[in-house]
Amino acid sequence: PDLMLVGEAPGRHEEQVDIPFSGASGQELMGFIESIGYSRSTVYITSVVRKRPYSIKRVRDKKTGEIVEKYPNRTPTKKEVLAFAPLFDWELATVQPRIIVPLGNTALQRLLGNKANIGELHGQLLHEPIQQANEQHDGYQLTTEKYWIMPMYHPAAVLYARRLEPTIKADWQRLGQQIKEIK
């Protein structure tokens, strides 16, 4: 595929149905993909962590007043991202996309390191080495090969900050143009 879209980790809905980006943010993402002439079946979608990270919260049920446990999603830890690094590296080598599209900071930092920031790099086409798991699987090393990367805001950003919508739409249109130039 031309595009490999890389998310953070499965959420509650994705864990239940085993389909990446199938919840509310997935609906946003499908709209962005379709706006540049692609569909779910013509792109490759994965994430840097493959098991849903969640926390355990004890809260009072508003209806019953009872204390109940809830399991909300959380951002994966650096250790969790590293644990799945060999699988992600294998996947990338197998898929060989034209452009890697990290969606949000977690995916971006897995590729480019902890200093990479989606707010600074979104919508920019980069051509550089990426991090891959080292032989000991206790850290990363840079690849000798350069990859085309276009960082994008995570589609959930639109759900939480509607003011980002015009920026995100413009970034996707830029990606659509860049794909044509790289082919």
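Colleague: Which elements each supply at least two residues of the lining of the second largest pocket?
Modeller: Bear in mind that this is a predicted model, where local features need pLDDT of at least 70, side-chain atom pairs count only at pLDDT 80 or more, and totals for chains, interfaces and linings use all residues. Residues are numbered from 1 along each chain as its sequence is written, and side-chain values use heavy atoms, without hydrogens and water. Elements are DSSP runs numbered from the N terminus (helices H or I, at least four residues; strands E, at least two). Here the suppliers are α3 (78–83) and α5 (105–112).

Colleague: Which residues lie nearest the centre of the second largest pocket?
Modeller: A pocket is an open set of points on a 1 Å grid where a 1.4 Å probe fits, with protein on both sides within 12 Å along at least five of seven lines; lining residues have an atom within 4 Å of a point. This pocket has 13 lining residues, divided into 4 nonpolar, 7 polar and 2 charged. Nearest its centre are K78, V81, Q109, R110 and N114.

Colleague: How many residues of α5 are buried?
Modeller: Buried means under 20% relative accessible area, exposed over 50%, and partly exposed in between (1.4 Å probe, protein chains only). In α5, T106, A107, L108, Q109, R110, L111 and L112 are buried. The helix is therefore largely enclosed by the rest of the structure, the buried count being 7 of the 8 residues.

Colleague: Is Y160 buried or exposed?
Modeller: Y160 sits in helix α7, and its C-alpha atom is separated by 33 Å from that of G139, 21 residues apart along the chain. Its relative accessible area is 72%, so Y160 counts as exposed.

Colleague: And Y71, what is its relative accessibility?
Modeller: Y71 is found in the loop between β4 (67–70) and α3. This tyrosine counts as partly exposed because its relative accessibility is 35%.

Notes:
Nonpolar A, V, L, I, M, F, W, Y, C, P; charged D, E, K, R; others polar.
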